[in-house]
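Let's take a walk through this model, one region at a time. Keep the viewer open as you read.

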Amino acid sequence: MVDELDARILRIFDEDPRIGVLEASRRLGVARGTVQARLDRLERRGVITSFAPSVSPAALGFEVTAFVTLEIRQDAGHDAVAAHLDGIPEVLEAHTVTGSADLFLRVVARTNADLQRVIDRIVAGPAIERSASVIALKTQIPYRVMPLIRASTAP
């Protein structure tokens, strides 16, 4: 759980990631040490997972995003497939899921034709039995967590 001050700290760094601890403390009206201690605690607890910049795959030339489901041979195990997928830079995420598929991936490619190359590389894994993919046309709601933070601290 995060309290109201934690939420305000997270919100200010979400809105302006380059603000710095001193300026954040000034804007929040609390001591610099308080902000730093709260950030350190949130990081230790795993609430803050990264201070890295958000990078746009499209700006790097990977303009096609697709979601791919994989069905795998059950005797191979998910870890072996994950190791194979880890070697493919265009695989941005891979999640073990419930339902008819075993894994759900978010992948990027430079073009639709390049997506075929990426999928071919994915399904080249010996444990992969079947794949299905859909191409994202437009991102309606990008990845976000601030609404969760606001909801978790609401009275």
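Helices and strands here are DSSP runs (H or I of at least four residues for helices, E of at least two for strands), numbered from the N terminus. This is a predicted model, in which local features need pLDDT of at least 70 and side-chain atom pairs count only at pLDDT 80 or more, while totals for chains, interfaces and linings use all residues. Residues are numbered from 1 along each chain as its sequence is written, and side-chain values use heavy atoms, with hydrogens and water left out.

Start with Phe62, which sits in the loop between α3 and β1. With a relative accessible area of 18%, Phe62 is buried; the cut-offs are under 20% for buried, over 50% for exposed and partly exposed in between, using a 1.4 Å probe and protein chains only. What does Phe62 contact, leaving aside its neighbours within four places in sequence? The partners are Pro57, Glu90, Val108, Ala109 and Arg110, where contact means heavy atoms within 4.5 Å. Leu28, on the other hand, is 34 residues from Phe62 in sequence and 38 Å away in space, C-alpha to C-alpha.

Now turn to a helix pair. Helix α1 (residues 4-15) and helix α3 (residues 32-44) have axes that come within 10 Å and cross at roughly 90°. The axes are lines fitted to C-alpha atoms, for helices over the stretch in contact, with angles running from 0 to 180 degrees between N-to-C directions. So α1 is roughly perpendicular to α3, a label that covers 65 to 115 degrees; under 35 is roughly parallel, over 145 roughly antiparallel, and the rest oblique. On the α1 side, Leu5, Asp6, Ile9, Leu10 and Phe13 make the contact, facing Thr34, Val35, Arg38, Leu39, Arg41 and Leu42 of α3. Sorted by class, that gives seven nonpolar, one polar and three charged residues. Nonpolar covers Ala, Val, Leu, Ile, Met, Phe, Trp, Tyr, Cys and Pro, charged covers Asp, Glu, Lys and Arg, and the others, Gly among them, are polar.

What about the cores? A nonpolar core is a set of buried Ala, Val, Leu, Ile, Met, Phe, Trp, Tyr and Cys residues joined through side-chain atoms within 4.5 Å. The largest one has 19 residues, of which Leu70, Val81, Leu85, Leu105, Val107 and Ile122 touch the most other members. At least two residues each come from β1 (64-72), α4 (78-86), β3 (103-109) and α5 (112-123), and β1 gives the largest share, five residues. A second, separate core of 17 residues includes Val2, Phe13, Val35 and Ile149.

A few more stops remain. His95, in strand β2 (residues 91-96), is partly exposed at 37% relative accessible area. Beyond four places in sequence, His95 touches Asp102, Leu103 and Phe104. Ala113 belongs to helix α5 and is exposed, at 60%. Leu148, in helix α6 (residues 146-153), is exposed at 60% relative accessibility. Its C-alpha atom is 15 Å from that of Leu5, 143 residues away along the chain.
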